[in-house]
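Visitor: Before we look, I would like to learn how to read a metal site and a ligand shell in a model of this kind. Could you take me through them slowly?

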Amino acid sequence: MSTSETTTAPGDIRPRLRWGVPAYVLLVLAAMAIAIVVPKTGYVLNISLQATTYAIAVLGLTIVLGLCGQINLAQAAFFGLGAYAVGLGQTHYGVNFWVCLLIGTCVAAGFGALLGASTLRLGGHYLAMVTISFQQIVTLVLINWIPVTNGPDGVRAIPRPGFLSDGSIYLAFCIAALGTLGFLVWHLRDTRLGRAMRAVRDNELAAGVAGIDVYRTKVTAFALSAILGGIGGGLFAGGFSYVSPDQFSFAESVVFLTMVLLGGVASPIGAVIGTGLLILIPEWLRFLKSIPGLYLAIYGAAVILIVVFMPDGIWGYLRGLLDRFKRAVLPTRTSAALQLSGGGQGSETVLEVRGLSKHFGGLKAVDEVDLTIRRGGVHALIGPNGSGKTTTLNVLSGLYKATAGSIVLNGQDITGLPPHARTRAGLGRTFQNIRLWRSMTALENVMVGAERPGSPAGNDPAALAERARAALAFVELEDRADEVVSSFSYGHQRAVEIARALAGDPVLLLLDEPGAGLNSSEKVELRDLLKRISARGLTILIIDHDMTLVSEVAQHITVLNFGRRIADGYSADVLKHPDVIAAYLGTGPDAAA
Ligand code: ADP
Ligand code: MG
């Protein structure tokens, strides 16, 4: 461990520029001042109002698509809900502007959560179709429910609060709203919820196993996205004093999506850039309108070129350039030693599995397996390829539902729990094919692991980062904490995955072939790491094919063959068992030597 100066506060993940926040506030204030002071035509005012309110809605897509990776083709519908609430609420029912804005936002949030709820069973294309259907339903209701919505005629003469009656002041107010909401979205990324969303986006399965409630995270992302859509729409209605159904159609949802993709889906700055450009480009090309078709062709070509040559959007591209200039040497920090309680004291048995079966149709991948794992040791699960080892781990961690049998962890029956609840109960695991969140840094990956409810770090962000650094130090990777894991070697990725599991302070650590794909020096490091973990009193269940590794670290071995347990006991005895030699090594006793 090296000691050196630190420039970051303990809770900080990325070192931030100290003048970042004041500069941002100044920028927003300057934009507001320009909006108020600089004289402008009605045309410029309208364009600016449209861009500002649209950008708020596009911020929602930064959350749901950028952070959480869920497609939402109904943002115009949420925008419309907010706009109609402000329009109808004031003109038909005489309700106060702010109350209308609040109601519209709540209604949008409710429908957003409902749409998010459909992700329980649907993903990918199906989710896209559900959001499109919702969008179409909203459009149809706006057009056809004439007694309430006025139908295609829309709502006219929508007022706004007296002190905002001047267009320029209203614009300044919208800029302030955009600035505040953009700031919140920017910060969301590095909160517990933001990390959970990014984990769900990068690898949903690993997110569940790391203790994240995947479903609730998606519902929240949709609700937040809808809230921003609703606020944007409400302010839009106040700005233009007229709304009609065609302003909130599916085509507009596509425009919103294009805006966020064009600007860069990963950051609120991208949302603002994309919105500004897509509203301005058509205006810049207005002089071409005399030649029919040319304007649309150039507009389309410009969008396609940007998307093709800047796959991460304009802001993603600019960031890449900036990062190449910065490449700052990040300070190494001293980390405290990782505390592992190993589940504390308890009975001698950590895991008690009885009659566990998993059938895939006619295939009995796991067949009535009993397994008792004692506290504080290393227990190996071995067997030929296809003998059901990974399937056993998947049933233990809740990725597969057991066909039969019971699983008791530390005295708690976890047989029916979903993956994240099992992690909360004290399971930690790694995967045969590494499942990290590849676009996140090593530290962020491990922080999500440390966030397990009940883990020693609790809810304090500083303690979380501290614990995550300690876990990285434990696997000797603290120097690379702030690097994105996709740049790591295979061996280092494995180590990060183990650190992520350790950070949650599990009662039992499940490792699926941690030695697979490692070179010989990496294997030596792995063996040392396993011994260090074991020395802290944490119980390990390991699958591995490397008999040298297994015999060196494991005190107990269970052998599977065709899904059935064929041997179980102390390592030395099991490895000598004739059935094991026959089934696992294939040939006579000589091969076992
Ligand atoms: P091991 O990890 O011991 O090599 P697995 O547990 O991966 O073996 O696989 C055990 C058996 O179950 C294999 O025959 C495999 O093809 C089958 N299997 C595993 N997962 C599935 C699945 N999701 N659907 C159908 N069959 C599966
Ligand atoms: Mg396997």
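**Reading the metal and ligand sites**

Guide: Thr-390 is partly exposed, with a relative accessible area of 26%, where buried means under 20%, exposed over 50% and partly exposed in between (1.4 Å probe, protein chains only). This is a predicted model, in which local features need pLDDT of at least 70, side-chain atom pairs count only at pLDDT 80 or more, and totals for chains, interfaces and linings use all residues. Residues are numbered from 1 along each chain as its sequence is written, chains are lettered from A and ligands numbered from 1 in the order in which they are written, and side-chain values use heavy atoms, with hydrogens and water left out.

Visitor: Which residues coordinate the magnesium ion (ligand 2)?

Guide: A donor is an N, O or S atom within 2.8 Å of the metal (3.2 Å for Na, K and Ca), and because water is not among the atoms, sites may look incomplete. Here the magnesium ion has Thr-390 (OG1) and Gln-432 (OE1) as its donors, at 2.0 to 2.3 Å. Thr-390 belongs to helix H15 (residues 389-397), while Gln-432 sits in the loop between strand E6 (427-429) and helix H17 (442-450), so the pair ties together parts that are 42 residues apart in sequence. Helices (H or I, at least four residues) and strands (E, at least two) are DSSP runs, numbered from the N terminus.

Visitor: Is Gln-432 buried, partly exposed or exposed?

Guide: Gln-432 counts as partly exposed, at 32% relative accessibility.

Visitor: What polar contacts does Thr-390 make with ligand 1?

Guide: A polar contact is a pair of N or O atoms within 3.5 Å; within protein, one must be able to donate a hydrogen and the other to accept it, and residues adjacent in sequence count only if both atoms are side-chain atoms. A polar side-chain atom of Thr-390 lies 2.8 Å from an oxygen atom of ligand 1, and a backbone N or O atom of Lys-389 is likewise placed 2.8 Å from an oxygen atom of that ligand.

Visitor: How much of ligand 1 does the protein bury?

Guide: Accessible areas come from the Shrake-Rupley method with a 1.4 Å probe, and for residues only the protein chains shown count as cover. Ligand 1 taken alone exposes 560 Å², of which the protein buries 63%.

Visitor: Which element gives the most to the shell around ligand 1?

Guide: That element is H15, with 3 residues. Strand E2 (363-374) and H15 are the elements that give two or more residues to this shell.
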